[in-house]
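I opened this model to look up a handful of local details. My notes are below, in the order I wrote them.

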Amino acid sequence: MNVLFEQIGRIVIAKLNRPKALNALNSEIMIELISGLQKYDNYPEVGCFIITGNERAFCAGADIKEMIQKDFSEMFNEDYFGYWELFSRIKTPIVAAVNGYAFGGGCELAMMCDIIYASENAQFGQPEIKLGVIPGIGGSQRLTKLIGKPKAMEMILTGRTIDAIEAERIGLVTQILRKTDFLSQVIHIAQTIASYSKIALKAAKEATNYALESSLKDGIFFERRLFHSLFHTQNQIEGMSAFIEKRTAKFN
């Protein structure tokens, strides 16, 4: 198994499991990860995903040994990396728990997630330029949107890696957590997220992502319509009733 899935209550942990290859992303790991997320995305009791690796590497990048054998026509006809577009269609919130290396495709995978928590030893980079290519899983686009053109250009054109402190400072990661019990801390946060209404979580994710692709006017209208739609759900009634009654809401 290239990806190990574990369900803990309302969260599902997807652990990349190619330790000898530093969790490099080949076709098998891509298909296993995305198909697993798609399956659990339909489980009503699952409210949050965590994607992680091991202490040495979250993911050191795409699998160069797999790619080096291919020419342009093969890459083009296969639409290599195109399958990753399915990752962005996952509606359940996804948290990246980054330990160690997150280089190339690993950095891009983290950026495809909704929240990135970094261990104190995490390192990030887009070093594809050193291989004679450029990022291919959205790195040039997402990195620019997250940290701005000057910093993104520097990382992509020089291949320079950054540590967790710099990554947090420039807005690439949400928060740095202590290395000791790192995953336990992320699980605790994910459990908080998953405790809320799943339909509301999906709507919040969709509205926030829409902000990156729309004008402010269109985004506000889209958010308002999603807000209105939630008034057709039992969880809206439960949440507001619990607030008025001064009790903890019990969402389904």
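**Ground rules.** I am working from a predicted model, where local features need pLDDT of at least 70 and side-chain atom pairs count only at pLDDT 80 or more, while totals for chains, interfaces and linings use all residues. Residues are numbered from 1 along each chain as its sequence is written, and side-chain values use heavy atoms, with hydrogens and water left out.

Entry 1: I started with β1 (3–8) and strand β2 (residues 11–16). Helices (H or I, at least four residues) and strands (E, at least two) are DSSP runs, numbered from the N terminus. The two strands run antiparallel and are joined by six bridges; strands count as paired if DSSP finds at least two bridges between them.

**Entry 2: N2.** N2 lies in the segment before β1. Is N2 buried or exposed? N2 counts as buried, at 17% relative accessibility. My scale for this: buried is under 20% relative accessible area, exposed is over 50%, and partly exposed is in between (1.4 Å probe, protein chains only). I then listed what N2 touches, leaving aside neighbours within four places in sequence: K15, L16, N17, R18, E28, I29 and E32. Contact here means heavy atoms within 4.5 Å.

**Entry 3: the four-stranded sheet.** Next I traced an open sheet with the order β4-β6-β8-β9 and mixed pairing. β4 (57–59) and β9 (162–163) are the edge strands; each has a single partner, so one side of each has no neighbour in the sheet. Inside the sheet, strand β6 (residues 101–103) pairs with β8 in the parallel sense over three bridges. F103 stands opposite G125 in β8. I also looked at F58, which lies in strand β4 and counts as buried at 0% relative accessibility.

**Entry 4: salt bridges.** How many salt bridges does the structure hold? The structure holds 10, with a salt bridge defined as a side-chain nitrogen of Lys or Arg within 4 Å of a carboxyl oxygen of Asp or Glu. I wrote up three of them.

- R18 bridges to D63, with the closest N and O atoms 3.0 Å apart. This pair links distant parts of the chain, 45 residues apart: R18 is in the loop between β2 and α1 (27–41), and D63 is in the loop between β4 and α2 (64–67). R18 is buried, with a relative accessible area of 18%, and D63 is buried too, at 11%.
- E78 bridges to K70, with the closest N and O atoms 3.0 Å apart. E78 is partly exposed at 43%, and K70 is partly exposed at 24%.
- E166 bridges to K151, with the closest N and O atoms 3.4 Å apart. This pair also links distant parts of the chain, 15 residues apart, with E166 in helix α7 (residues 164–169) and K151 in helix α6 (residues 149–158). E166 is buried at 13%, whereas K151 is partly exposed at 27%.

I noted that K151 and E166 belong to a network of salt bridges that also takes in E154, R160 and R169.

**Entry 5: aromatic rings.** I get eight aromatic pairs. The rule pairs rings of Phe, Tyr and Trp (its six-membered ring) if their centres lie within 6.5 Å; planes under 30 degrees apart are stacked, over 60 edge-to-face, and the rest tilted. F5, Y40 and Y43 form one aromatic cluster.

**Entry 6: a nonpolar patch.** Which residues form a nonpolar patch on the surface? I64, I68, L131 and V133 do, with about 380 Å² of accessible area together. Patch residues have over 30% relative accessible area and no salt bridge; like charges are joined within 9 Å, nonpolar side chains (Val, Leu, Ile, Met, Phe, Trp, Tyr) within 5 Å. Areas come from the Shrake-Rupley method with a 1.4 Å probe, and for residues only the protein chains shown count as cover. L131 lies in the loop between β8 (123–125) and α5 (139–147) and is exposed at 52%.

**Entry 7: positive phi.** Most residues other than glycine have a negative phi, so I flagged two exceptions. F81, not a glycine, has a positive phi of about 80 degrees. F81 lies in the loop between α3 (72–78) and β5 (94–98) and is buried at 18%. K246 has a positive phi near 55 degrees. K246 lies in the segment after α11 (234–244) and is exposed at 77%.
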